[in-house]
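This briefing is meant for a reader meeting the structure for the first time.

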Amino acid sequence: MQFGLSQEQTLLQDSVTKYLRDQVALDKVRLIASGELNDAEIWQGLSELGLPGLMIPEAHGGVGLGALDAVVISECLGYHVTPSPFISSAAMAPVPLIASNRDDMLAGIATGELRVGVAFGEAIGARTGAGVVAKGATLSGKCLFVLDGDADHYLIATTDKKIFLVSTNASGLKRNALRTIDITRSTCELVLDNVAADLISEDPRVYERTLDMGRVMQAADTLGAAQCMLDQAVVYAGQREQFNRVIASFQAVKHMCADMLANLEPCRALVWYAGHAMDDIPDEARMLACHAKAHLSEVGRGVAKTSTEVHGGMGFTDLVGLHYWFKRIGANRQLLGSPELVREEAALVQKLVDQA
Amino acid sequence: MDLSYGTEYIAFREEVKGFISKNKDKQPKAGAEPGNPELLAWQALLIANGFHSRTIPKAYGGYGAEPDIIKPRIISEEFSKAQINTGFSGQGISMLTPVLLEMGTEAQKQQFIKPTIHGEMVWCQGYSEPGAGSDLASLTTKAELDGDEWVINGQKIWTSTAHLADWIFCLVRTEPEAPKHQGISFLLFDMNTPGIEIRPLVDMTGKANFNEVFFTDVRVPKHQIVGNRGQGWLVANAILGHERGSLAPPDAAQSRLDGVTRLMNSETIGGEKVIDNPVYRDRLLKLQGSVLAQKANDMRLLSARINQDQSAKLAGMIVKLTGTELRHEIEGLAIDVMGEIGLAYGDNPYLRGNGSWQYQYMYYLGLIIGGGTSQIQKNIISERGLGMPKEPKIEAK
Ligand SMILES: Cc1cc2nc3c(=O)[nH]c(=O)nc-3n(C[C@H](O)[C@H](O)[C@H](O)COP(=O)(O)OP(=O)(O)OC[C@H]3O[C@@H](n4cnc5c(N)ncnc54)[C@H](O)[C@@H]3O)c2cc1C
């Protein structure tokens, strides 16, 4: 029995971490956040490491690895608040495209040249102002807070859990950038007026697996981001002095840190297990994906707040940039289903309640 | 990630299942009093087959198996699945026996381990005192050597099961001049020794599970010490490690949570099943997320023990804190689910689950406090786990 990361996965983690530490330090993130740079250069660099095609079969130019490997990557990206469309283009998009044998798309996605964004809000639970309807092979309406404002194509799910593919250049499609608190990753609005769309899947299980994959990666992203916030809090508390002693020696501060650790450490095992279930335990995968997403949303929110408090006024400023992690965690919480909605799905999966 | 236990364990699991199906009718009836012959016979049967005291050497009354991390796990999985009585627990078995195996003399092992694991010798733990709780090392019950005997004077408090115990393992101050951690010794003695007075203390559950224990010139043979004089703190810490891990295992949390789910399906509010109320349902699912995380953490710890992987050290440090707090919350949810019916206690005819929800809700608050409070756990996690500095020391008055 071996529960945890394999040696290969640890090596993968080390090499991605090294790349991100050296090449995508916080000053680079700041440039992207300020709009002076887009994430293309970073995505290019991550493509050279094989990240976009991580879960695409080797026959289609990918690396052919599994969800647990992707969890490892996603955690690293969260830890470094790395701007990238990893969750949408590398983790989610390949699921339905592989299922429907869209070999034409896979090679491009695997190299990172083709970016596919994800618009699943309608199927998860459309919010005020959103709404897409399919009529034959066309889509009309509006998708909000679509993952990736710079994608070449978008996967759009409708309420009946069908997935359509549209090209960003399709006539009748208008894309408007939507600013959110998390400026490390982009979202947009798609306004569709009889836009030609490819029906990629009618199978609700494909939709669910795509969504689950995204949620597990989001949970891993939050895990990484929260771990980084905890690490920063411990380091900062060990340096900052008040009342002639380091604040780390104040019990109130120590207990804040102990609480963060006690809540976060079991999350690591949960997220690994959820990733493993996506690969190997189909019966448990859905429930675990929902719970990983919801539980990390809750724990992440707590860590984000507490770490900021440990930093005092410095935590509130832009100087140390702690807010990038705070906001990343906040965005992961709301996107692809807020925790209440996701727990309700977990209840449905377990048949604790009847499908309405 | 490989969650299978390996083919060599398949046969072992079958062996456990075979034992259960053949012997389950021999289980003692629920509620049998300590000392009941059925209980003792069941215990002996478990040990003879290696399902209790598995790795304790035969010479000391155990089964004498080679150490193996997975087999006990399989035993506990199968016993819990079939809801089979797992035999005696208690502080003598869970805490004293491991410490005797590690630090006891040969004569002590011979004398104490066999009757202890067979349930014939019940122990209590005499550590806490009125003036020494979290700061246990400041304890003042003293033992002075007079010829071949220790003479003990002082008082213990919160001593669980002292009223049922045959013997006590007890921390006493033997070197008053030494620094406080180095002046303590670990003694074993008979609770029938003259000079011991036990006064029961009723706890919030309404039961008297713990006691005050007074010692007046209690005379104990000199050799009934574990470790050397002044080493008692080391000995005690060796056992605290054994205690903390086992207080609130995630599998038990899972089975209580399953119980809450059943309760939500049988209880109604205004004619509607509680499970159909989205607010309560969300609270259930929230706790389920925590239970799943703790179960995964537990698998990680099991794997770390098997593979001697040091990277899970922090994951192990948090289990007493998170496990006891989670259990208290689960029991609390069950009470909320029942509303005013959740208040029923004692002989109330509307009692659900024999009153176990209210009882366990309080019991786990006791475990949040006992065995090192949650606050003390956080001190340990931050100082030993995260490497944060200790608070400046204040000199003893
Ligand atoms: C159900 C139960 C069973 C028990 N069984 C036994 C037994 O069999 N044998 C035995 O010897 N003892 C037993 N105990 C005693 C138990 O170990 C003590 O109650 C426990 O260690 C706390 O000590 P205290 O009660 O003196 O509380 P105190 O130490 O007075 O603590 C009171 C409060 O102060 C806080 N506090 C104290 N010091 C610190 C600090 N340094 N930092 C932050 N906060 C602090 C505590 O967390 C707590 O909130 C049992 C207790 C319970 C509740």
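In this predicted model, the shell around the ligand draws residues from both domain 2 (122-230) and domain 3 (247-385) of chain B, so the ligand lies between these two domains. The site is also shared between chains, because residues of chain A as well as chain B surround the ligand.

**The shell around the ligand**

- There are 19 residues around the ligand, and those that come nearest are A:Gln251, B:Ser128, B:Ser134, B:Trp158 and B:Thr373.
- Sorted by class, the shell consists of 14 polar and 5 nonpolar residues, with no charged residues.
- Three elements of chain B, namely β3 (149-160), α11 (356-369) and α12 (374-385), each contribute at least two residues to the shell.

**Polar contacts and cover**

- On the chain A side, an N or O atom in the side chain of A:Gln251 is 2.7 Å from a nitrogen atom of the ligand, and A:Gln251 is also among the residues that come nearest to the ligand.
- On the chain B side, a polar backbone atom of B:Gln125 is 2.8 Å from a nitrogen atom of the ligand, while for B:Asn379 an N or O atom of the side chain is 3.2 Å from a ligand nitrogen atom.
- Taken on its own, the ligand has 960 Å² of accessible area, and the protein covers 66% of that area.

**Domains of chain A**

- Chain A is divided into domain 1 (7-111), domain 2 (116-202) and domain 3 (205-349).
- Between domain 1 and domain 3 of chain A, the C-alpha centres lie 20 Å apart, and 24 residues of domain 1 are in contact with 32 residues of domain 3.
- About 2,200 Å² of area is buried between domain 1 and domain 3 of chain A, and carbon and sulfur atoms give 70% of it.

**Domains of chain B**

- Chain B is divided into domain 1 (7-88), domain 2 (122-230) and domain 3 (247-385).
- The centres of domain 1 and domain 2 of chain B, taken over C-alpha atoms, are separated by 32 Å.

Key
Residues are numbered from 1 along each chain as its sequence is written. Chains are lettered from A and ligands numbered from 1 in the order in which they are written. This is a predicted model: local features need pLDDT of at least 70, side-chain atom pairs count only at pLDDT 80 or more; totals for chains, interfaces and linings use all residues. Side-chain values use heavy atoms; hydrogens and water are left out. A residue is near a molecule or strand if one of its heavy atoms lies within 4 Å of it. A polar contact is a pair of N or O atoms within 3.5 Å; within protein, one must be able to donate a hydrogen and the other to accept it, and residues adjacent in sequence count only if both atoms are side-chain atoms. Accessible areas come from the Shrake-Rupley method with a 1.4 Å probe; for residues, only the protein chains shown count as cover. Helices (H or I, at least four residues) and strands (E, at least two) are DSSP runs, numbered from the N terminus. Ala, Val, Leu, Ile, Met, Phe, Trp, Tyr, Cys and Pro count as nonpolar, Asp, Glu, Lys and Arg as charged, and the others, Gly among them, as polar. Domain bounds come from an automatic or database domain assignment. Contact means heavy atoms within 4.5 Å. Buried area is the accessible area (1.4 Å probe) that two parts lose on being put together, summed over both.
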